Structures are given as structure tokens and as C-alpha cells.
Amino acid sequence: MDSYDAEMGPGDVASALDNFADDWKKKHKQLCDGLEFLGKTADTAAKAYDGLDDHLAQALPKSQSKGGGKGK
């Protein structure tokens, strides 16, 4: 960002852009870390839901063979 200071000229715009660029460098890592955590959490949740779905799918025929699903 510093290489564009001459083109931005003096004033609030150049200062605001410089502040934004500095803040972006700091926040970029936080954003990437947060997205990585979110991806891992979503993957863990998806695996848990798949496991629950499999468990329920296996239990359904057993409950129907015992009469639990008849007449409903």
C-alpha cells in the first residue's frame, strides 16, 4: 500500500487507505484461522449427523419387525 502513497495524495483518503491496509494485514490471519476452524467444525458435525442417520436407519427395520411400525 505504501507504494501508492504518491498517487493517493495527501489527506484523509490516503490515511484511511493506509489504516485499512494495515488493519487488513492483521485481520487477514484471524479471518483465515476462523474459516479453517469453521470448516473443521462443519466437517465434524457432518460426520456426527451421518453417524446418527446410519444408526437410525439401522434401527428402523428392527422396530418395524417388532411391530413398532404397524398401523401407524
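**Salt bridges, stop by stop**

Select Asp33 and Lys29: their side chains meet in a salt bridge, N to O 3.1 Å. The term stands for a side-chain nitrogen of Lys or Arg within 4 Å of a carboxyl oxygen of Asp or Glu. This is a predicted model, in which local features need pLDDT of at least 70 and side-chain atom pairs count only at pLDDT 80 or more, while totals for chains, interfaces and linings use all residues. Residues are numbered from 1 along each chain as its sequence is written, and side-chain values use heavy atoms, with hydrogens and water left out.

Asp33 and Lys29 both belong to helix α2 (residues 12-65) and sit four residues apart, about one turn of the helix. Helices are DSSP runs of H or I with at least four residues, strands are runs of E with at least two, and numbering starts from the N terminus.

Colour by accessibility next. Asp33 is partly exposed at 38% relative accessibility, and Lys29 is exposed at 53%. Buried means under 20% relative accessible area, exposed over 50%, and partly exposed in between (1.4 Å probe, protein chains only).

Move to Lys40 and Glu36, where the closest N and O atoms of a salt bridge are 3.3 Å apart. Both residues lie in helix α2, with a spacing of four residues, about one turn. Lys40 is exposed at 53%; Glu36 is partly exposed at 46%.

Finish with Asp43 and Lys47, a salt bridge at 3.2 Å between the closest N and O atoms. Helix α2 holds both, four residues apart. Asp43 is partly exposed at 39%, and Lys47 is exposed at 55%. The count of salt bridges is three.
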